[in-house]
Amino acid sequence: MVYDGIILGLIVGLFRGGLKNGLMQFGQIKLKGGLIFPILLLIQFLIFRFQGDASWLAPVSGYFFMSIYVIGMAFLWMNRQNKGFMIILIGVFLNFLVMAVNGGRMPVSLDAAQVLGPYYTELLSSGDAVYKHYMLDASTRLSFLGDIIPLSNPYPRTQVISIGDVVMNLGIFLYIQSIMVPKKDTEDQDLAPSLHTSN
């Protein structure tokens, strides 16, 4: 789901900041522990890729995901001065919270999952779904923070998301806008020399 906020942020940022100016701003990004984020994404990808092949990985994958969330939140806190990062942190924490109280897995509403098709709902019902997720039921804690929001046509990607995902993507969108769109005081400084010359 984080990719949605990134893609939307880039598209809007290009319109608002211009192609050249918008893309050039990415070269100015300076984040503490900047390699942490791509490393965490790589670890998550590896867990998803191999959890079905390695019998030892499935039972402990929840702990890996919890560790990834904790490290990710520490990274966001380190860079909280950046616009949008505190909002991203809140979204990540909401997802972490609901997973932490449900054994390290994200509960998914079976009704909401209907948009994903019968194959996924059958996996969800049988308990054989992706190990990071499980079917939301009466025993689920903080169920309102689970994946309960279905997205389908006309939305370009069919998926089921959580409130935390929505908050997180809002923060990502705001951060990208702060990078790609020139600040007003910068624009005023750029205009000042030309105004002085014309006088």
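H5 passes H7 in a left-handed crossing, a crossing being left-handed if the near helix is turned anticlockwise from the far one by less than a right angle, and right-handed if clockwise. The model is predicted, so that local features need pLDDT of at least 70 and side-chain atom pairs count only at pLDDT 80 or more, whereas totals for chains, interfaces and linings use all residues. Residues are numbered from 1 along each chain as its sequence is written, and side-chain values use heavy atoms, with hydrogens and water left out.

Residues making the contact (heavy atoms within 4.5 Å) include Phe85, Ile88 and Val92 of H5 and Met168, Ile172 and Tyr175 of H7.

H7 also packs against helix H1 (residues 2–17), the axes coming within 8 Å and crossing at roughly 30°. H1 and H7 are therefore roughly parallel to each other, and their crossing is right-handed. Among the contributing residues are Ile6, Gly9, Leu10 and Gly13 of H1, together with Asn169, Ile172, Phe173 and Ile176 of H7.

The chain as a whole has 8 helices and 4 strands, where helices (H or I, at least four residues) and strands (E, at least two) are DSSP runs numbered from the N terminus. The order of elements from the N terminus is α-α-α-α-α-β-α-β-β-β-α-α. Of the 199 residues in the chain, 37% are buried, with buried meaning under 20% relative accessible area, exposed over 50% and partly exposed in between (1.4 Å probe, protein chains only). Of the contacts in the chain between residues at least 6 apart in sequence, 68% join residues at least 24 apart.

A search of the whole structure finds 3 aromatic pairs; rings of Phe, Tyr and Trp (its six-membered ring) pair if their centres lie within 6.5 Å, and planes under 30 degrees apart count as stacked, over 60 as edge-to-face and the rest as tilted. Tyr69 and Phe96 form a tilted pair, at 6.4 Å centre to centre with 35° between the planes. Because Tyr69 lies in helix H4 (residues 57–78) and Phe96 in helix H5 (residues 85–100), this pair ties together parts that are 27 residues apart in sequence. Tyr69 is buried at 13% relative accessibility, and Phe96 is buried with a relative accessible area of 18%.

Phe85 and Tyr175 form an edge-to-face pair, with centres 4.8 Å apart and planes at 75°. Phe85 belongs to H5 and Tyr175 to helix H7 (residues 163–180), so the pair ties together parts that are 90 residues apart in sequence. Both residues, Phe85 and Tyr175, are buried. Phe75, Phe85 and Tyr175 form one aromatic cluster.

Arg80 is located in the loop between H4 and H5 and is partly exposed, with a relative accessible area of 40%. Arg80 lies over the face of Trp77, at 4.1 Å from the ring centre; a charge sits over a ring if NZ of Lys or CZ of Arg is within 6 Å of the ring centre and within 35 degrees of the ring normal. Not counting residues up to four places away in sequence, Arg80 touches Phe85 and Met86.

Conventions:
Axes are lines fitted to C-alpha atoms, for helices over the stretch in contact, and angles run from 0 to 180 degrees between N-to-C directions. Angles under 35 degrees count as roughly parallel, over 145 as roughly antiparallel, 65 to 115 as roughly perpendicular and the rest as oblique.
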